[in-house]
Amino acid sequence: MTTDLQAGMGVMEAIFQRRSVRQYADRPVDPDTVQKLLTAAVQAPSAMNLQPWVFAVFHGHKLLREYSERAKQHLVATYPTRFDLHSRAELYEDPNYDLFHGADTLIVIYATWGRLHPNEDCCLAAENLLLAAHGLGLGTCPIGYARPWLDLPETKRELGVPEQYQAVFPLVVGYPAGPTAPTPRDEPNIVSWKWEV
Ligand SMILES: Cc1cc2nc3c(=O)[nH]c(=O)nc-3n(C[C@H](O)[C@H](O)[C@H](O)COP(=O)(O)O)c2cc1C
């Protein structure tokens, strides 16, 4: 597994080429590949090496379409008091809109406990996973809008996730249907730089 990852593209290449993929090919992701991605995720740094993360994997188009519908319904029901959905409200009311962009695999990273910086740790694990997936020829997309529904106590109960765990970073994985155009980035905005020589 390590060899596979080492034989892949360089880190800078992966960082600069990774894009959020929103169109997926009809090619299933296999469990071994998901396992590789999770193993890459847990190589992330974490405060005091507490590794305050757990993962849930949900695979299958039918399952994800169902979760998408329920997550959208939750968004619409809680709009607008809890979430700023003005620009996307129409989409969430459209039964044809798939929150998971047609991917067949959803991975959710949950923070297990509150000491130190569990959310930051989980986000670092997520970035590792996104880059590793890109290195393995897979596409990914973070799905922040699924988080409110995933974090409901009743959803966690149903999905077999302990209620005290906090849904931090949902993301989908799949084989990209084609190339994804790059999204622009601003130059780093450096507000202070003191460099003593
Ligand atoms: C925390 C977080 C939540 C996101 N949630 C969504 C989402 O719900 N749906 C979606 O299509 N993209 C989502 N994205 C992807 C961003 O739109 C995307 O990363 C950004 O536009 C930059 O594009 P790139 O990832 O292709 O570089 C999310 C990204 C982050 C970091």
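This report walks through the sheet, the nonpolar core and the ligand surroundings of the structure above.

A note before the tour: this is a predicted model, where local features need pLDDT of at least 70 and side-chain atom pairs count only at pLDDT 80 or more, while totals for chains, interfaces and linings use all residues. Residues are numbered from 1 along each chain as its sequence is written.

**The sheet**

Let's start with the strands. Four of them form an open sheet in the order E1-E2-E4-E3, with antiparallel pairing. Its edges are strand E1 (53-59) and strand E3 (139-142), each of which pairs on one side only. On average, and with direction ignored, neighbouring strands are turned by 25 degrees against each other. Here, helices (H or I, at least four residues) and strands (E, at least two) are DSSP runs, numbered from the N terminus, and two strands pair if DSSP finds at least two bridges between them. Axes are lines fitted to C-alpha atoms, for helices over the stretch in contact, and angles run from 0 to 180 degrees between N-to-C directions.

Two of the pairings are set out here, with residues that stand opposite each other.

Strand E4 is largely enclosed by the rest of the structure, because nine of its nine residues are buried. Buried means that 20 or more other C-beta atoms, placed from the backbone, lie within 10 Å of the residue's own.

**The core**

The largest nonpolar core has 45 residues, and Ile109, Tyr110, Leu129, Leu171 and Val173 have the most contacts inside it. Such a core is a set of buried Ala, Val, Leu, Ile, Met, Phe, Trp, Tyr and Cys residues joined through C-beta atoms within 7 Å. Helix H6 (118-135) is among the elements giving two or more residues to this core, and H6 supplies the largest share, nine residues. Leaving aside residues up to four places away in sequence, Ile109 touches Trp53, Phe55, Cys122, Ala125, Ala126, Val168 and Phe169; contact means C-beta atoms, placed from the backbone, within 7 Å.

**Around the ligand**

The ligand is surrounded by Arg19, Ser20, Arg22, Cys141, Pro142, Ile143, Gly144, Tyr145 and Thr183, counting residues whose C-beta atom, placed from the backbone, lies within 6 Å.

Terms used
A residue is buried if 20 or more other C-beta atoms lie within 10 Å of its own, exposed if 12 or fewer, and partly exposed in between; C-beta atoms are placed from the backbone. Two residues are in contact if their C-beta atoms, placed from the backbone, lie within 7 Å.
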